[in-house]
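The following exercises concern the sequence and structure shown below.

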Amino acid sequence: MTLTKTLSSLTLLCVTSFTLNAADMKEMTITESIEARQEIMKKYKSWDKKLDSQFKAEQADSAILKEAAKFFQANSSDAFLAFFPEKVTPDGVKTAAKSGIWRSWEEFSAITNDVNLQASEALQFLENGDIKSATSSISEITNSCRSCHKKFKAR
Ligand code: HEC
């Protein structure tokens, strides 16, 4: 095989896999996206509850903090934003997402990107045995609920 041929089949391979990924994404309907993000939010809520007693404790349990930080890290930023496709009329399922999300996409993204950053910071603090700072990073995550909901979630 000549170099040109090898290169062009490589290009073809890349184009094909990219197209496949885009197709995979499209397979999720708007209803499925809404259900997926609401499912994530329910988990946020149970973590929020679980963490409350940790914040009240003299010293939080580092294993619980670590699990929480990993959860928030994996379910924020792009992994969360992926379930907010451009607003179209949802076919059936109810959503509390306000249309301001798409009008102020950067502001909305910034909040969940911060959650991701704070989760990463918390993991770093835990790595260094600094439970106090990790607790404070995670408590910032639990403060993000209100600031995001106030503007972007209907009651
Ligand atoms: C970046 C913005 C953002 C952050 C941060 C955020 N939420 Fe939400 N939340 C939303 C949006 C938007 C909805 C509405 C989703 C929908 O109905 O489509 C929602 C919905 C919910 C729901 C309702 C889920 C359902 O059953 O329909 C709960 C509970 C919830 N959030 C809890 C939390 C908690 C607890 C936190 C913080 C630990 C949090 N959220 C952080 C944006 C956010």
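Two residues are in contact if their C-beta atoms, placed from the backbone, lie within 7 Å. The model is a predicted one, in which local features need pLDDT of at least 70 and side-chain atom pairs count only at pLDDT 80 or more, while totals for chains, interfaces and linings use all residues. Residues are numbered from 1 along each chain as its sequence is written.

**Exercise 1.** Determine which residues alanine 69 touches, not counting residues up to four places away in sequence.

*Solution.* Applying the contact criterion gives Ala119, Ala122, Leu123 and Ile138.

**Exercise 2.** Identify the buried residues of helix 3 and state how they are arranged about its axis.

*Solution.* Step 1: helices are DSSP runs (H or I, at least four residues), numbered from the N terminus; helix 3 covers residues 62–74. Step 2: a residue is buried if 20 or more other C-beta atoms lie within 10 Å of its own. In helix 3, Leu65, Ala68, Ala69, Phe72 and Gln73 are buried. Step 3: these residues line one face of helix 3, because they fall within an arc of 130 degrees seen down its axis (the arc is that of the directions from the helix axis to the C-beta atoms). Step 4: their cover includes helix 2 (30–56), helix 6 (105–127) and helix 7 (131–152).

**Exercise 3.** Which element gives the largest share of the shell around the ligand?

*Solution.* Step 1: 23 residues surround the ligand, each with its C-beta atom, placed from the backbone, within 6 Å of the molecule. Step 2: helix 2, helix 6 and helix 7 each supply at least two of the shell residues. Step 3: the largest share, eight residues, comes from helix 2.

Terms used: Expected span 1.5 Å × (residues − 1). Buried ≥ 20, exposed ≤ 12 C-beta atoms within 10 Å, placed from the backbone.
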